[in-house]
Amino acid sequence: MAQYTLMTPGPVPAPQKVLEILGLPMEHHRTPEFVTVLGRTLQNLKKFFQTEQDVFIHTSTGSGAMESAIVNVLSPGDAVLCVVTGKFGERWADMAEAYGANVTRLEVPWGRVVDIRAIESHLHAHPETKAVLTQGCETSTGVLHPIREIAKLTAQSHALLLVDGITALGAMPMPMDEWGIDVLIGGSQKAFMLPTGLSFISLSAKAWRAAETATMPRFYFDLRRERDANRGGESYFSSAVTHVRALDWVLQSCLEIGIDKLYRRIQGLSLATQEAVRIMGLEIFSEVPSPSVTAIAVPDGIDGQKLRGNIEKIDHVVMMGGQDQLKGKILRMGNMGAISDRDLVHTLRSIAAGLNRAQANPDHHISEAKIDEACARALEILSSSPELFATPATTEVSL
Ligand SMILES: *Cc1c(COP(=O)(O)O)cnc(C)c1O
């Protein structure tokens with residue numbers, strides 16, 4: 001038996017109550033009781049999207065909703081601009097290409113934020129651009145993108161703005177209607193604190209107009225079919241009953257507590273981590289850090305892959321490393337989900353201890369005094385954004 005503190009940017013620690021709901025007896029998705037749950041869940045999701053439009057649930061991981069966005073509003077040969085600033089930007093560009101879109105990649109060095117002037121000049125030079133595809137937060141680098149500013153550009157053009165908000169929606173305000181986002185996507189295992197397996201998507205009126213004439217092949221993800229079924233109170237295919245029941249509880253709880261408090265907690269964990277690691281002499285990797293994910297630069301001369309594995313093995317704290325060109329160079333921590341103050345302090349101490357074990361020269365060690373100062377500062381910051389959900393302190397895993 002090993003016990004882990006889950007600090008990854010998805011999946012995230014689920015509240016205790018979610019785990020209990022997931023263990024309830026099965027019920028059929030066409031029962032009147034479940035139809036009520038589904039209806040309420042779809043209505044409450046709209047409050048997170050801040051939209052008057054319908055929101056849909058797909059039984060798929062987040063990438064399924066990315067694919068749904070492409071097949072519902074685009075046609076083969078459409079010119080699309082993909083903002084590529086990391087792994088997830090690459091994924092969306094690859095996906096659009098696989099479906100035959102005419103993809104231009106706006107490559108941004110990993111860790112940097114996209115310059116909206118580059119998007120502006122591209123739209124100017126290529127008025128035929130059908131869509132701009134971007135992440136709200138590029139989870140592989142921890143960078144937050146200026147969605148509101150990008151939306152101002154697409155609103156004045158014929159292009160749609162498709163936002164993969166999987167580590168943004170539910171973690172920070174992302175008002176779809178007010179900002180003018182045309183397609184917005186979320187995923188269950190990130191800010192929504194559930195297991196992996198559901199994704200969420202909504203289309204603006206402009207995106208629906210495109211959906212009516214788009215010619216990409218689509219069947220499972222055809223939102224026209226889903227829209228008709230939802231209007232009759234049902235999902236077109238079988239609903240993931242257990243996940244939806246747990247989602248219903250999460251949404252209702254967050255709305256009762258106040259979504260602002262949820263955002264503030266995530267922001268609090270982000271700021272607490274940023275300040276604490278700076279006190280310990282480390283740097284934040286991202287040019288514009290997202291509240292949902294914190295990427296810490298691993299000091300030169302230390303192998304981040306080994307460090308991550310060592311922290312997981314010795315202190316049972318699970319974080320993510322960097323991928324591809326960032327392999328071994330960063331540690332990534334999620335700030336979403338039922339993370340307790342204690343979890344954060346334990347993680348900060350385990351990072352310091354791991355670095356000290358990896359650092360041969362004792363003169364370069366992080367002192368106990370600095371570690372204490374960093375943790376005290378983190379707790380001080382967190383005192384203005386208290387824990388919202390009871391969580392099993394650690395996750396039990398049978399090995
Ligand atoms: C997690 C994530 C996804 C989706 O990943 P899945 O494994 O398909 O759920 C997509 N985009 C971003 C930005 C993510 O963080």
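1. In this predicted model, strand β12 (residues 293-297) is mostly covered, with four of its five residues buried. Strand β11 (residues 283-284) pairs with β12 in the antiparallel sense over two bridges. Within this pairing, Ile284 has Ile296 of β12 as its bridge partner.

2. Strand β12 also pairs with β15 (residues 330-334); the two run antiparallel and are joined by five bridges.

3. The backbone deserves a check at several loop positions. Most residues other than glycine have a negative phi, and most peptide bonds are trans. The peptide bond between Gly10 and Pro11 is cis, with omega about 0°. Pro11 is placed in the loop between β1 (2-6) and α1 (16-22).

4. Gln50 is not a glycine, yet its phi is positive, at about 50°. This residue belongs to the loop between α2 (32-49) and β2 (55-58). With a relative accessible area of 36%, Gln50 is partly exposed, because that value falls between the limits of 20% for buried and 50% for exposed.

5. His316 is another residue other than glycine with a positive phi, here near 55°. It is found in the loop between α12 (304-315) and β13 (317-318). Its relative accessibility is 27%, so His316 counts as partly exposed.

6. Turning to the aromatic side chains, the count of aromatic pairs comes to seven. One of them is formed by Tyr220 and Phe221, an edge-to-face pair with 5.2 Å centre to centre and 70° between the planes. The label edge-to-face applies because the angle is 70° and the cut-off for this class is over 60 degrees.

7. How do Tyr220 and Phe221 stand in accessibility, buried or partly exposed? Tyr220 counts as partly exposed at 36% relative accessibility, whereas Phe221 is buried, with a relative accessible area of 14%. Both residues belong to a cluster that ring pairs build from Tyr220, Phe221, Tyr236 and Phe237.

8. Two arginines are placed over aromatic rings. The charged end of Arg225 sits over the ring of Phe219, at 4.0 Å from its centre. Arg227 lies over the face of Trp208, and the distance to the ring centre is 4.2 Å.

Note on methods:
Residues numbered from 1 in each chain as written. Predicted model: local features only at pLDDT ≥ 70, side-chain atom pairs only at ≥ 80, totals over all residues. Heavy atoms only, no water. Buried < 20%, exposed > 50% of the residue type's maximum accessible area, 1.4 Å probe, protein only. Pairing = 2+ DSSP bridges. Phe/Tyr/Trp six-rings, centres within 6.5 Å; stacked < 30°, edge-to-face > 60°. Lys NZ or Arg CZ within 6 Å of the ring centre and 35° of its normal.
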